[in-house]
Amino acid sequence: MARVWVLGDNVSTDDIIPGRYLVKRDPEELGKHVFENLLPDFSSRVRKGDVIVAGRNFGCGSSREQAPLALKGAGVGAVIAESFARIFFRNAINQGLPVLICKGVSSSFSQGEEVEYDLGKGVVINVSRGIELRAEPLPDFLLSILRAGGLIPYLKAKRRDRL
Amino acid sequence: MNLAEKILAGKAGRERVEPGEILEFEVDVVMMNDLTGPLAIESFREIAEKVWDPSRVVMVLDHQMPANSIEIARDHAMMRNFAREQGIENLFAEGVCHQVLAEKGFALPGLLILGADSHTCTQGAFGCFATGIGSSDLAAAMAEGKLWLRVPESVKIVLRGRLGRRVYPKDVILYLVGEIGADGATYRALEFHGEVVREMSVGGRMTLCNMGVEMGAKTALVPPDAKTLRYVRGRARFPFRVVRPDQEAEYAEEREYSLEGLEPMVACPPRVDRVRPVREVEGKEIDQAFLGSCTNGRTEDLLEAARILKGRKIHPRVRMLVVPSSRETYLEAARLGILEKLLKAGAILGPPGCGACMGSYIGVLAPGEVCVSSSNRNFRGRMGSPEAEIYLASPATVAASALTGRLTDPRDV
């Protein structure tokens with residue numbers, strides 16, 4: 001079970017990690033600045049495994065892969081949103097950060113409520129309220145990338161198998 | 001097939017492709033910049049030793065070039081070392097990646113271009129399929145010369161009419177972002193048609209395609225015509241085949257807009273789709289005016305600003321920062337006397353590149369400050385303080401506002 005942070009629509013990659021930090025690549029270092037402009041106390045209050053619940057178009061803007069890296073570095077366990085900007089969605093999977101598209105999720109959670117989710121089945125449960133929502137299940141090949149910990153570890157493993 | 005499908009079918013070695021299909025595609029060009037490249041290189045080293053084809057890898061130092069911190073200097077050095085080691089000759093440090101890619105002849109009809117920068121869709125102006133990816137995907141594409149993509153649905157956008165005086169491609173795309181919304185084209189390809197596009201310069205088409213991603217689009221394309229071919233002639237790095245959409249092509253949606261009477265537009269903070277005519281917000285005091293970026297830093301953009309500022313002085317409260325998008329632009333603007341007019345009016349010139357667009361280089365905003373910018377994003381904190389405000393507008397509106405110190409319709413000066 002995980003605790004949720006509820007955010008609105010159009011959370012941009014500038015909100016997730018401002019441009020001036022992109023020279024950093026260490027996830028924990030990036031994680032200290034995640035949502036710094038949006039929720040200044042986020043990085044001090046987030047707990048490992050916490051889930052971001054957001055509205056439409058999460059991760060809009062730049063192609064910076066430092067965005068999912070920063071979320072992971074801060075300990076965020078998954079992002080569940082009404083919809084995602086496509087580059088962020090792909091980058092998140094590639095960094096091994098679970099993302100789920102779930103219609104109605106933003107109005108079904110309040111700050112701090114408990115969530116459970118199943119990526120393969122496409123299920124999101126608000127444990128605090130006892131309600132279950134349908135999400136778009138992730139296809140198998142994206143699940144295998146996530147399970148490997150991201151695209152690069154996934155390709156490394158594939159290359160090992162070939163040798 | 002429409003243009004996106006036709007290009008992708010060729011790159012998948014298939015007769016045809018359907019929207020929604022996930023396939024592996026042969027890549028023609030991969031591009032990285034100085035904020036996405038270092039992460040891609042580190043990832044690349046974990047999965048491969050040599051890039052699949054050094055002549056098709058383009059590296060551009062543009063976001064913080066010349067370096068303004070030890071960290072970015074270290075990253076530039078790392079990228080230069082990687083280029084040397086891999087035999088990559090196409091490392092450029094002379095302008096915004098999207099402008100440089102076009103000028104150096106990498107943006108060609110029918111190609112598949114993957115760039116680790118969200119505004120890679122700019123290249124669609126040349127009738128290629130160009131889309132933004134992250135650093136891991138870039139590493140994978142560099143290693144294999146291939147990447148999986150989902151074939152997008154396409155939207156045909158027909159732009160009718162004639163643009164009025166001091167109304168530009170930027171006003172058109174701001175208007176469209178306002179109409180379609182910041183996520184109104186998510187995952188889709190936008191294919192532009194109509195006499196407004198036909199009349200547009202190649203640079204104007206780049207402005208149009210550049211902001212496709214501000215509607216969530218995967219790419220934006222203009223079918224190639226004589227203007228496209230004139231631009232790429234003498235620049236093209238590779239042989240290419242002109243691909244045009246079929247007459248009977250199918251689209252997920254067709255939208256027609258009449259742009260007769262369109263006014264100068266502005267996107268109000270902090271959303272790209274909060275778009276209104278300049279008239280409705282005019283009078284708002286500004287502190288900084290930024291003319292530049294991959295959206296609007298070309299010679300024709302600087303020229304419009306110079307026409308307005310020639311022989312006049314910008315408002316004493318305003319600092320106006322002009323950043324030509326490339327060395328070629330810089331030289332051309334210098335030769336035409338544009339830079340002199342802008343400097344005499346009181347503008348500050350920055351080195352070619354991304355300039356003030358993303359808050360990590362020059363022209364950073366203080367809390368409470370207001371900036372009118374010819375760039376493409378006005379998100380909270382984009383150009384510095386999260387308490388600063390950014391209004392996106394055409395180069396003419398930026399110049400007119402710099403002159404009066406307030407958001408100003410360029411038809412009034």
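In what order do the elements of chain A run from the N terminus on?

View 1. From the N terminus on, the elements of chain A follow the order β-α-α-α-β-α-β-α-β-β-β-β-α-α, which amounts to seven helices and seven strands; helices (H or I, at least four residues) and strands (E, at least two) are DSSP runs, numbered from the N terminus. The C-alpha trace of chain A spans about 50 × 40 × 25 Å along its principal axes. Its radius of gyration of 15 Å agrees with the value near 15 Å that a compact globule of 163 residues would have, where the radius is taken over C-alpha atoms and the globule rule is 2.2 Å times the number of residues to the power 0.38. Of the 163 residues in chain A, 50% are buried, a residue being buried if 20 or more other C-beta atoms lie within 10 Å of its own, exposed if 12 or fewer, and partly exposed in between, with C-beta atoms placed from the backbone.

Residues are numbered from 1 along each chain as its sequence is written, while chains are lettered from A and ligands numbered from 1 in the order in which they are written. Because the model is predicted, local features need pLDDT of at least 70 and side-chain atom pairs count only at pLDDT 80 or more, whereas totals for chains, interfaces and linings use all residues.

**View 2. Helix 7 of chain A and its surroundings.** Helix 7 (residues 151-162) of chain A has 12 residues and reaches 16 Å from its first C-alpha to its last, close to the expected 16 Å, which is 1.5 Å times one less than the number of residues. A:L151, A:I152, A:Y154 and A:L155 are buried in this helix. They lie on the same side of helix 7 of chain A, because they cover an arc of only 160° around the axis, the arc being that of the directions from the helix axis to the C-beta atoms. The face turned away from this buried side carries the exposed residues A:R160 and A:D161. The buried residues of the helix pack against helix 5 (86-94) and helix 6 (140-148) of chain A, together with helix 2 and helix 5 of chain B.

**View 3. The side of chain B that touches chain A.** The contact takes 38 residues from chain B and 33 residues from chain A, two residues being in contact if their C-beta atoms, placed from the backbone, lie within 7 Å. Helix 2 (37-47), helix 3 (70-86) and helix 5 (135-144) of chain B each supply at least two residues of this side of chain B.

**View 4. An open sheet of chain B.** Five strands of chain B, in the order 4-3-2-5-6, form an open sheet with parallel pairing; two strands pair if DSSP finds at least two bridges between them. Strand 4 (91-92) and strand 6 (129-132) of chain B stand at the edges, each with a single partner strand, so one side of each is left without a neighbour in the sheet. Strand 3 (residues 57-60) of chain B pairs with strand 4 of chain B over two parallel bridges, and B:M59 has B:L91 as its bridge partner.

**View 5. Strands 17 and 18 of chain B.** Strand 17 (residues 370-373) and strand 18 of chain B pair in the parallel sense over four bridges, with B:E389 as the bridge partner of B:V370.
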